[in-house]
Amino acid sequence: MEEFLKHFKNHSRADQRWLCEVFECVRQQLYPLLDSSLGVSVVRLSLAVVSKVQRAVGSDLPVSYRCVSVSQLKREQRTACFSSLSWSSAHYRDSARGAELMLPEHKPLPRDNLLLIGSLCDGRASGSSDGVWRVRDAGGSVSCTMLTSSCLWLGRLMLFPTWNYIPQNAPDAGYLELIDPPVCVTLEAMAFDPGGTLSEVMSVTRAAELLRQRCEDQACVCVSGQVSAVCPLLLIAGKRFFCLILSDGGSSVPVFITEAKHQYWRQCVCVGRSVWMSSLRVCSLQGLEGRRVLSDSCQSRLHPHESSEQPDTHSDTLTHTHTPLPPSPAPSVRVKRSTIISFKGTVTKILNAEAGLYEIDRQVGLCLAYQPAQTWGGSLRPGAEIQLHNVHFTYSASPFAPRVVLCACLRSSVQISAFSRLRSEVEVSGSHGSLQRLLLERNLGVSQYLWLCYCYSAVNERLCPRWVRAKRVCVVAARLLDFVCEAEQKTQKKRNIYREMIQEPHQCPVTTYSVCWPSVALWSVRQVCEWMRREVWLSLSLPSLLPPSAGHMTSLELNAALSWSTHSVPLTHTHSDPLLLLGVLELDSTRATLQLRDQTHALDCVCVQSGQSGAIDTAWQGCLVCVRQCTLVMERFMKTDFPSWKHLDQPSYITHKHCRVYLQLRVDDLTIISPSAALSRRQSERREESAPRPRRPLTPVAAAERPLTPAATAERPLTPVAARPLTPVAAPERPLTPAVAAERPLTPVAAAERPLSPVVAPERPLTPAACVSLLIRLESKQGVRLQNGSGAGHTHTHTLQLGFVCRAVCLGDAQRWENDPRNSRTQERERDGGHRKIELHFMGSCVRWFPVLHPGCVYRLIAPNTADVSVLKATGVSARGGVTQLVSPALLLQPQWRLHTLTDAQSGVPALMSVSEVLHSSSAPEIVSFYGVVSQRITLQEEGGTKPKIQSLTAAKDPGVVEDLRVRVSVQDSARAGHVIHVYLDLSSGPYTHGLIPGAALQIHHVQRKVSRAGNVYCRSLPISCVSVTDLSSVCSGSGVSQAPPPMMLLGEWASARKQQGVLGQVKGHVVRVLSLRLQWTCSFCGSIFKQTSCGRTHPPCDSTSAVFQAEAKVAVEDGSGEAHVWFSSETVCDLLMLSVGQWEGLQRHIRVKGHVKVYTRGYNMTCDEDPDESLVQYLNCLCSSAAVCRQIHLTCRIRAQRTVKPQLRKVHRGQTEFICKFTPALQLQCQHVHTR
């Protein structure tokens, strides 16, 4: 130490303290690295270090810099930093400001004054030769990368003037980025040994001729040329090698570097640099029909030309390939050929480091997935400048990636030209990720791989980790790819690494690509909900919601017609590209509905099977499904106060509006991506039944203990790419072995041929636990309503909560199980015991089972974590005093109990009545259940001053829900369109019922059949009523209810057998006479007669200024078989009177003076009570008796509601004879449409 400090006697005390630290650092960390044969002392080495530092800084000693060893740097430096001996503070600030302006979302690297000295090595000292340079001292080594490197630096002691240190997540892990060239500290001579006389150096042209010759005895050669391609480092069968191509003019020769001690050469060569390579051997490639190449030997040396220049790389440097296009994978898929270019740009974003996806210059994508995973460390960070050579230019390869994507293949090279000066999250990818392994296994094209990465990100964001484990996300993405693409559309030919690297014309997996295919977009549940909530109001057109008679409707009728409407859109029509919905089916305990969920949102679903077999069962709960076809249903609820139809363009009259959105789909439209444990068990049992094999029988206990097996995709080891070994010609004693294992071709995984295994995370641990079960068959199910129940945590507290009751038959006694049997096959002991009827009460969270319970199905009720069979014993009310007990024993289900569907077959279910039977059956009971198709839905007006008896539970949680919601649903017979029954439903005493829209097929259970005073049959809901949607074919197709033309009817037959003939029909007859005609202006608010410009009501007065014109006519029509009285409403009176639009409007103006006019038949003429001689009355009399009105006419009519009237006795004179005859009342019809004027 004293000898060293003698050289710095004149320095200050601070300088000497810093020199002491430098000396100790050299003695402990650097001196042990030197060879003792050099005879360099510690003092001499320390003086050399100080001299190099002073030369880098200037004349003064950098006392503010702290010497740091490699071990200290890795252990203590937790954040990324920048250090430089030569940069001034102003230079650093300008550089940091420029980098921050380029990417404002990132901050510049902080500067630390650290002094780093070490030896450059390639890792062979630590037992690895991966081609990565390292900085080493006595305490350890750290990986590094340099912008420029030289073979002469290897093993030298270097001072690093400017560098970045990027720590990594692993302990004691980091990465050095050497910005400025290192300064050599050691004093020994550095000579270049070319490994042969330079006079024997041959050109590339001569070397290419040599490779084409078939000579056996060829000495080692020395070749000089310019590097045109540098292939990535490959690891096959435990051996590393890489290939570079030397070019000169129009000739080129490939050179394979296979020696372990030469792997670091890859950091020393780059495209455009001229090099000499000595002692190269001639070898043959069996994988390329014996093509000859050059390979290095132990004596080979590499020396770059000093005058070599870097090539000009930019986006306009194009080299077109000349590979013919392969046949198109599908007629609808457009295939293009990529273009090989060189490119220079700046990394602006890391899209997915594990998948090898980056963003350059904010608009260009970079895909490195087709190259072996490189240990880039933190070098490919946002802000780094890179040069790309021999990359493939693709345009519109995928709609979910940048428009331009550059793909690197095995012939491409990626070189960093400037390190990033910004702080960012470091994503290190030193090995193949799951996506890249899948790419190799299935030989995916670039378009399919980009879609797979998009799908992976979507699944990872929306389903992981709640439903899908992180390790299984790639499995889900692969199954989605299988679902979207056909096998022949996503599988390329077998790869051959040698062909990709050296063959001309160039051919690799990214030579061709599909344009924007696959284009299927994965929408999250939240995206669908937000789109529907926007679309429901954007598509709103108030005039389209009103019938043709809107111009004659009062304010009350108009606002009632606008209070509810629906808008249905198929999923395929929501976007220009195909859409997929991915989610988990779960049961909701607050709404008693089935929901499609992901981590963004939950959406209610109305899901049915084909036909009238009901909805899905319990095995579907927890399934990860993909929906490609469904109907998006949006129901609008509005409170409006429009005076008349003329004010519909003023949205200020809408006082409140909200909507409900849900999905309508069939079970056939669901594609299972990952089945639940119950569904997987059912599928395996069905496979065993269809293909029996000799094996030990599977008991329910054994089946429950069997663990979930992971999919083969994630666990299958990688098969290397296709290649063949190199066979040397000149030096057979040194064969090349790295490509032996590459001879096995890549085989795509046939995912469609193997059974799907669950990837959804289990809801509970699969530990064995005792339980009891009860086998039941459901007989009937009541609707969900608010009921009295005990509050949570309070035994004596009663609150309103959702609940429903099911009637079931026990098929046996309760059984004990050591393990949960779930939905395994039933055993004989489960059916031991007599059949008895019970009632199952579902309260609170147990209402979630409502959508999956269907009469006639067999279920296994399981009470877990108990061995007491009495918990499943139903209790009844004791009968006293000779009272006969009519109520079955009841069982209250607990929240932790579970139900499993055991069979889909429905048995023992009473047949439902049709609408025609309910309307016309004389023996119909008071409580009926029937099926039909919804033809119309009308929201009933709230009764003034009344409140619903039970407030809706959902209304209390959702302020947008109407509290008193009562609707009238018109249900028509599915076989006979003319038979319609009105069902009045009260939806305010339970959760909202989805699917009550025109076109939906319903099963309506337990409603009260009633007959009105007019003799019309209708139904009214009860607290036990249940409405289920069974079919959506009309809704999903968008056709609505089938509107078949009504049958042609004869009036005589229709009057005598109106019950059997239906309520709607077509009539052709003759207008005999007009019995009455009423024309009036009505106040749109109060309904009084409106004269001129004011309402005629005086007590209390009405100040309304809005009125509507209304008309009504009653005519006698006969067709030869009978006569009927036909009523015409406002919209059909004009057609009856054969008036033009101008005449009809003029008549309305004349009527407005008086307010109203009513004429009727008296004898053979028409008269009026007020002023029969008025000109207007005379005009109407002439008009109604004219031949234009009394004509042949074709009408569509409906039977008019009327009270039942007994036949009347009337006197009839025939000459001098008088008869007393019984006349049945005339058939009363309401005209729906006038076909002929």
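Arg111 is in contact with Tyr65, Phe82, Ser84, Trp87, Ser88, Ser89 and Tyr92, leaving aside its neighbours within four places in sequence. The model is predicted. Arg111 is found in the loop between helix H5 (89–102) and strand E3 (114–115). The chain around this site has 24 helices and 62 strands.

**Arg111 and its surroundings**

- Arg111 counts as partly exposed, because its relative accessibility is 22% and the buried class stops under 20%.
- One of its contacts is Ser89.

**Two other loop residues**

- Ser69 has its place in the loop between strand E1 (66–67) and helix H4 (70–76).
- Is Ser69 buried or exposed? Ser69 is buried, because its relative accessible area is 4% and the cut-off for buried is under 20%.
- Not counting residues up to four places away in sequence, Ser69 touches Gln29 and Asp137.
- Cys516 is found in the loop between strand E27 (512–514) and strand E28 (521–523).
- With a relative accessible area of 32%, Cys516 is partly exposed.
- Cys516 touches Ser396, Ala397, Ser398 and Pro399, again not counting residues up to four places away in sequence.
- Ser396 lies 120 residues from Cys516 along the chain, yet their C-alpha atoms are separated by 5.6 Å.

**Helices H7 and H8**

- H7 covers residues 434–442 and H8 covers residues 446–462.
- The two helices pack at an angle of about 145°, and their axes are 11 Å apart. Their crossing is right-handed.
- H7 brings Ser434, Leu435, Gln436, Leu438 and Leu439 to the contact. H8 brings Tyr449, Leu452, Cys453 and Tyr456.
- Sorted by class, this contact has 7 nonpolar residues, 2 polar residues and no charged ones.

**Helices H23 and H24**

- H23 (residues 1141–1154) packs against H24 (residues 1175–1184) at an angle of about 140°. The axes are 11 Å apart.
- Why is H23 oblique to H24? The angle of about 140° makes H23 oblique to H24, because only angles over 145 degrees count as roughly antiparallel.
- H23 passes H24 in a left-handed crossing.
- Which residues meet here? Leu1147, His1150 and Ile1151 in H23 meet Leu1176, Tyr1179 and Leu1180 in H24.
- By class, the contact has 5 nonpolar residues, 1 polar residue and no charged residues.

**Helix H22**

- H22 (residues 1130–1137) is mostly covered. Of its 8 residues, 6 are buried.
- The buried residues are Ser1130, Thr1132, Val1133, Cys1134, Leu1136 and Leu1137.
- Just after H22 comes Met1138, which takes a positive phi of about 60°.

**The chain as a whole**

- The chain has 1237 residues, and buried residues make up 54% of them.
- Take the contacts between residues at least 6 apart in sequence: 73% of them join residues at least 24 apart.
- The chain exposes about 56300 Å². Carbon and sulfur atoms supply 50% of that area.

Conventions
Residues numbered from 1 in each chain as written. Predicted model: local features only at pLDDT ≥ 70, side-chain atom pairs only at ≥ 80, totals over all residues. Heavy atoms only, no water. Helix = DSSP H or I, 4+ residues; strand = E, 2+ residues; numbered from the N terminus. Buried < 20%, exposed > 50% of the residue type's maximum accessible area, 1.4 Å probe, protein only. Contact = heavy atoms within 4.5 Å. Areas by Shrake-Rupley, 256 points an atom, 1.4 Å probe, with all protein chains shown as cover. Axes fitted to C-alpha atoms, helices over the stretch in contact; angles between N-to-C directions. Left-handed = near helix turned anticlockwise from the far one by under 90°. Nonpolar A, V, L, I, M, F, W, Y, C, P; charged D, E, K, R; others polar. Parallel < 35°, antiparallel > 145°, perpendicular 65-115°, else oblique.
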